[in-house]
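Trainee: Please take a close look at one interface for me. I would like the area, the contacts and the residues behind them.

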Amino acid sequence: MRAALARASLQRHPLRTTLAVLGVAVSAAMLLDMVMLSTGMQVSFRALLVRQGFELRLTPKGTLPFDTEARIAGASAAESVLRTLPGVTDISPVLGSTLHILRGEGAVAVFALGIRPAVQGDYALEAGHDASAADAVVANSAFLERTGYQVGDTISVAAGYDAQLRTYTGRRRVVLAGRARFLYLASAQAAAAVPLKTLQAMLGGADADRVSLLMLRTRPGIDVEALRASIERAIPRTTAIATADAVRSVEERLSYFRQLALILGTISLLVGFLLVTTLVTVSVQERLGELAVMRAIGVSRAHIAQQVMLEGLVISVLGTGLGLGLGLVTADYLNQILRAFPGLPAAIDFFVFEAQAAYRSLALLVATAVLAGGFPAWRAASLPIAATLRTEAVS
Amino acid sequence: MRRAMLLSGLALAAAWPLPARAQRADSLPVASRLRTIAIDERMVSDLGLRLGDTLEVAAAPGVAGDRVIVGAVTRRTADPSEIARAEYRVRLHLDQLQRLTGADDRVDRFAVAVPEPLVDSALRSINARAFGFRAHRSADVAATSSRTFAVVSRFNRAIGVITIVASAIFLLCIMLLKVEERRRDVAALRLMGISRRTVNRAVVLEASGIALLGSGAGVAFGYASSFVINWYYRGVYRTPLAFSIVTPGTVAFSVALSLVLGIGAGALAAYRLTGQPPLSLFGR
Amino acid sequence: MTNAAPPLLRARNLARDYPFAGESVHAVRDVTLEIKEGEYCAIVGPSGCGKSSLLNLLGAIDRPTRGTVEIRGRDVSGMREREATSFRLHNIGFVFQRFYLMPMLSARENIELPMAEAGMPRRERRERAQSLLAYVGLGARVNHRPSQLSGGEQQRVAIARALANRPALLLADEPTGELDLHTGREMIALFEQLNADGTTIVVVTHDEALAGAARRVIHMVDGRIVSDVANEHPPQGQSSP
């Protein structure tokens, strides 16, 4: 009977109830989006970093990978030292630079990675062959679109461009061996990968033995933190970054989004609370006489309070259910906006749906909205029967 | 590769980390012979450096460098692209930096001051004559380096739209409730012979007053929030950049929107009520 | 009164004061009263004399400032709220001037409300509700909402609701107050029928016809009972107690 009364009460004012449900739905959608945003970057970035199995990354001291143009000098010696450390199973050196794809009088500048194909973790081959030969290169779709070349073409490339003299160092012809998807680059960024030795030779000079980054795979079960510390002691001019540290660093830089998520999430809860409490309060106020009569005929306070709170529960459950779908749609839209960040790896998402966190937050909203009916419920249950009947009769 | 070095000998301490060995100025026998550098204010707070301290700057760790004296402390500029950058920055005399880094007679860019009416002609002239480089308007460079914040702006605007939709629904619901609370008053007035138009006007007037008051409170809250946001994030990122700016246009738009929504909601609720037979409002 | 059976209701030295503007308003002053099983009493008096306040005290809706009310030997005036609520549910039926039906429930559902609260199984309460509706002459209006019923019909549903849990006592506060003359007469006949079927009724009224139908008329003035007499002119077909 309580459920029937609550349902009937909500159906009594369909427009009002619909608006309240919509209001809660929007609050739920916003709350869900903020939960997805607060954890999305971390989840997404971590997944990207561990995808290829590299637990540690070595960079020039005080930098993050490809954060600056600094390079690690004496890369060969550094690699030798690393191989002596217990727990290191694979080392993937990476050198970042600009390559110029020469076409007639003009050139197209692309981002290039010098890699060791056997252990590389920067791209996934989609077509053709890997850049195993010294004169082979793999490139992404953006590269192929911008240059007009196809897999299998022989192309002229150069490095070390001097803008004043308009000369290059390290010009050579290479074969476009395959098409790849670069995991850590934006999808719109034209990129290519060549064997490390090839790129170092093309750059020449001091860069012949320099790399931008060394990625390390470790033995399962190894104490990564201890290994990290021993690497920094052994090679003091570098910084060793574990996946957790990298994620934390990126999170600090994007803390704005986490804080925004917290503020907007809190506001969503508050709005949901206010909406339900206002609606239920007015609903109670409108039927004081009915409630007093129910008390008079013997309906207990607890049952009256339950009936009123049930109204809040129904609105919040309906609204939250609707908000879940709405939230997923808006999250996708907002994610598309943020993925336009320049230089953001294509694999990174800002909004990631984690079922447990999402359902927990929505349950919190439902609980909040139910609590919102608490005060009006208490009020309804505490009506002085005789005085209320007298007041209602007079009015 | 992707990043441009700053002009006038500004060096990135991340690329050339400074093994800072500070000495008190009063203990230096040849302080007057040493050249001066300007350091980032963060280095003052984080590393305990002071004006007059002697440092050694080198292009690489372990390599002999120049001893210099801290001659000035600089504040970060309000540059969005520097927001999340944690590295320290120092300023050296151009020739000293060129010598230390082996850059010889090279720089990354020139900044050229030109009277505004002459900017376009100067651009054309330089680009026609320049050999190996191009001139750009500073505004264009800023726009390119602010692309990240353009994305953030778009995101915030989208959030703003969602918030406005939520607020509109909330406002409509509350106004509807509040007007319907007055159903008996409305019914009594109608039974007395007061016309629908008069009753509607009265309710809309009341809604307008509430909307106006609410808008005023909202604007005040917006200014206060903006102040708090700037105070907080300037502290977090240690930058003079303004993260939130309340402009007259923003205020005008917000107030207009809230007035339209508030008055509209009140009017809708009023017309709904007065459209019903008065006795039905009494529940008969 | 010579009947040896204990009274159904006994009120002793009842008083009810209300604070108002810094003073105390004495709505009920020192009322002592007994009502027997099967009686049909009317409480009459000018407006503001304390009739409704007395009814609220007798029905355990309100607590007296002084005095006691016993129903079937139980002191309802001293009961805690929960106990009093339960007592009302099982022992007292109320009928109000303004009907106070739940507008969003049908006639049947309104009658089922107190039965559901008492824990009666659904089928049983549905059947009883339908039989009560038939008893009050509304067997064909089971699923009608209050807005679809006339004033008299709504009051009949309210009476049926009051009888739902077979109460020992039916209390009615101005039950014909919002009804026209003709419908009021129908209501009076219904009350007579209820009493004839054994229901103890106490009705507060301004309606002379309704008061005239009762077997006992209690006059109140200024919070006190000034007279308590058997009805010398009961309606046709009924004998005096």
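Mentor: Chain A and chain C bury about 2,200 Å² between them, where buried area is the accessible area (1.4 Å probe) that two parts lose on being put together, summed over both. Carbon and sulfur atoms hold 68% of it. A:Met1, A:Val293 and A:Ile297 supply 27% of the area that chain A buries against chain C, more than any other three residues. This is a predicted model: local features need pLDDT of at least 70, side-chain atom pairs count only at pLDDT 80 or more, and totals for chains, interfaces and linings use all residues. Side-chain values use heavy atoms, with hydrogens and water left out; residues are numbered from 1 along each chain as its sequence is written, and chains are lettered from A in the order in which they are written.

Now the contacts (heavy atoms within 4.5 Å). On chain A, 24 residues touch 24 residues of chain C. The rule finds one salt bridge across this interface, meaning a side-chain nitrogen of Lys or Arg within 4 Å of a carboxyl oxygen of Asp or Glu. A:Arg295 and C:Glu81 form it, at 2.4 Å, N to O.

Which helices of chain A each supply at least two residues of the side that touches chain C? They are helix 1 (2-12), helix 9 (288-296), helix 10 (301-338) and helix 13 (385-394). Helices here are DSSP runs (H or I, at least four residues), numbered from the N terminus.
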